[in-house]
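Have a look at it first.

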Amino acid sequence: FGSDPRVLGREFSPGVGYPLGAVVGAGLFTHVALAEEMLFRGTLQSSFARRTSEMKGWVASSLLFGLTHTLNAVTMSGEKRSSYLRYGVPFITMTGSYLGWAYKESQYNLSVPVAIHFWYNFLLSAAFFAADPQHSPLAAEISIPF
C-alpha cells in the first residue's frame, strides 16, 4: 500500500491514483451490479420462481450465477485457474445464493441485491488494488486503435 498505483495502464502518484482507482472501480461496478442483478435475480430468479416455486427459482438462479462465472477462468492459467474453479466459483455461487435470498426477502426489490453486489465488488477490488496497485485489474491498459 502506498506505492504509485497503475490505473488504466498509466502510473499516478498515490494522491491521484488511489482516488482515480476508486472512481474507475465505482463506474465499473455500478454497471456490473446492475447488469448481473437484472439478469440473474430480476429475470431468471423471478421467471423460475413464477414457473416453479420461489425455492427452485432461488436455487436455479444461484447455480447459474456460479456457472456463468466459470467463464472467468478462461483468462487464467495453471494453478490460478484451478484454484479459482475449486474455491472461487463455489464462493461466488454462495454469494449469488445470498443475493438471491436478499432479493426474495426484500419482496423482490432489485435495489437490495444491486446495492449488496456493488459494495461487495467495490470493497473487494479496493482491497486488491490497495494490496498490489501495480497489478490489479484496474491497472490494465485500455486502448482504442483508430
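What covers the buried residues of H4? The cover includes strand E1 (6–7), helix H1 (14–51), helix H2 (54–69) and helix H3 (78–105). Helices (H or I, at least four residues) and strands (E, at least two) are DSSP runs, numbered from the N terminus.

Before going further, a word on the ground rules: this is a predicted model, where local features need pLDDT of at least 70 and side-chain atom pairs count only at pLDDT 80 or more, while totals for chains, interfaces and linings use all residues. Residues are numbered from 1 along each chain as its sequence is written, and side-chain values use heavy atoms, with hydrogens and water left out.

**Helix H4.** The buried residues of H4 include Pro113, Val114, His117, Phe118, Asn121 and Phe122; buried means under 20% relative accessible area, exposed over 50%, and partly exposed in between (1.4 Å probe, protein chains only).

**Cores.** A nonpolar core here is a set of buried Ala, Val, Leu, Ile, Met, Phe, Trp, Tyr and Cys residues joined through side-chain atoms within 4.5 Å. The largest has 8 residues: Phe40, Phe65, Ala73, Met76, Tyr84, Val89, Ile92 and Leu99. H3 gives the most to this core, with 4 residues. There's also a second, separate core of 5 residues, with Ala33, Val114, Phe118 and Phe122 among them.

**Ser62.** This one lies in helix H2 and is buried, with a relative accessible area of 5%. Its side chain reaches the backbone oxygen of Trp58 at 2.8 Å. Not counting residues up to four places away in sequence, Ser62 touches Thr93, Gly96 and Ser97.

**The H3–H4 loop.** Most residues other than glycine have a negative phi. Two residues in this loop, Gln107 and Tyr108, have positive values instead.

| Residue | Phi | Relative accessible area | Class |
|---|---|---|---|
| Gln107 | near 65° | 67% | exposed |
| Tyr108 | about 60° | 27% | partly exposed |

Note on methods. Contact means heavy atoms within 4.5 Å. A polar contact is a pair of N or O atoms within 3.5 Å; within protein, one must be able to donate a hydrogen and the other to accept it, and residues adjacent in sequence count only if both atoms are side-chain atoms.
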